Amino acid sequence: ECRVMTSDALFTYTLKNGIHHITALHGTGQAVESILEHAGSLFVDVPMSETVRILIDFHLVRTPPLSEWLMPILAFFQGPETGHPSRVAYIYSRAARGSILSTFLSIQRFLPQRVTLRFFSDADETQAWEWLQAGLNR
């Protein structure tokens, strides 16, 4: 199965082998909100026992400042529509490594236990896909 979609040039979306791949085309708070809105729709009609796997890819653009996306992403993962277990891989450009790692430490403690979030540099994209695929065939 493979579906491809572009939303108002803010991001692209592909579904491949059970993994939802969202690539940001702009590093803005508006892009983050649009991505989260689309990601919320991915949980609809999925059994609550099924893990939703999402790859969020910001390696093409700068990651927006933490102030523009911290609260929306925390609200997203704590909301009722995303009550499923989920694995989320976030790909960032190597140039953003320092700020991404400090951000990761800031948000990881606020995420519900059912959400597993890992950060990967663009050099480690293959590892991100492998991590997301782990356990798919169980």
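1. At a relative accessibility of 77%, Asp45 counts as exposed (buried is under 20% relative accessible area, exposed over 50%, and partly exposed in between, with a 1.4 Å probe and protein chains only). Asp45 is placed in the loop between α1 and β4 (52-57); helices (H or I, at least four residues) and strands (E, at least two) are DSSP runs, numbered from the N terminus. Although Asp45 is not a glycine, its phi is positive, at about 65 degrees.

2. The model is predicted, and local features need pLDDT of at least 70, side-chain atom pairs count only at pLDDT 80 or more, and totals for chains, interfaces and linings use all residues. Residues are numbered from 1 along each chain as its sequence is written, and side-chain values use heavy atoms, with hydrogens and water left out.

3. Asn17 is not a glycine either, yet has a positive phi of about 55 degrees. Most residues other than glycine have a negative phi. Asn17 sits in the loop that joins β2 (11-16) to β3 (19-24). Its relative accessible area is 46%, so Asn17 is classed as partly exposed.

4. As to the overall architecture, the chain contains four helices and six strands. Their order along the sequence is β-β-β-α-β-α-β-α-β-α. The chain has 138 residues, of which 48% are buried. Among the contacts in the chain with a separation of 6 or more, 69% are between residues 24 or more positions apart; a contact means heavy atoms within 4.5 Å.

5. Helix α1 can be checked for its length. It comprises 13 residues (29-41), and at 1.5 Å a residue these should span 18 Å; the C-alpha atoms at its ends are 19 Å apart, which agrees. The expected span is 1.5 Å times one less than the number of residues. Buried residues in α1 include Gly29, Ala31, Val32, Ser34 and Ile35, and Leu36, His38, Ala39 and Gly40 are buried as well.

6. The packing of α1 on helix α2 (residues 66-78) is described next. Their axes are 9 Å apart and meet at an angle of about 10 degrees, where axes are lines fitted to C-alpha atoms over the stretch in contact and angles run from 0 to 180 degrees between N-to-C directions. This makes α1 roughly parallel to α2 (angles under 35 degrees). From α1, the contact is made by Gly29, Val32, Leu36, Ala39 and Gly40; from α2, it is made by Glu68, Trp69, Pro72, Ile73 and Phe76.

7. Leu66 belongs to helix α2 and, at 31% relative accessibility, counts as partly exposed.

8. Strand β5 (residues 86-92) holds Ile91, which is buried with a relative accessible area of 0%. Apart from neighbours within four places in sequence, the contacts of Ile91 include Leu55, Ile56, Asp57, Phe58 and His59. Ile91 is also in contact with Phe120, Ser121, Asp122, Glu125 and Ala128. The C-alpha atoms of Ile91 and Asp122 are 5.7 Å apart, while the two residues are 31 residues apart in sequence.

9. Asp124 lies in the loop between β6 (115-121) and α4 (125-133). In space, the C-alpha atom of Asp124 is 8.1 Å from that of Ile91; in sequence, these residues are 33 residues apart. Asp124 has a relative accessibility of 29% and therefore counts as partly exposed.

10. Pro85 and Val115 are 30 residues apart along the chain, and their C-alpha atoms are separated by 5.8 Å. Beyond its neighbours within four places in sequence, Pro85 is in contact with Met48, Ser49, Glu50, Thr51, Val52 and Arg114.

Notes:
Parallel < 35°, antiparallel > 145°, perpendicular 65-115°, else oblique.
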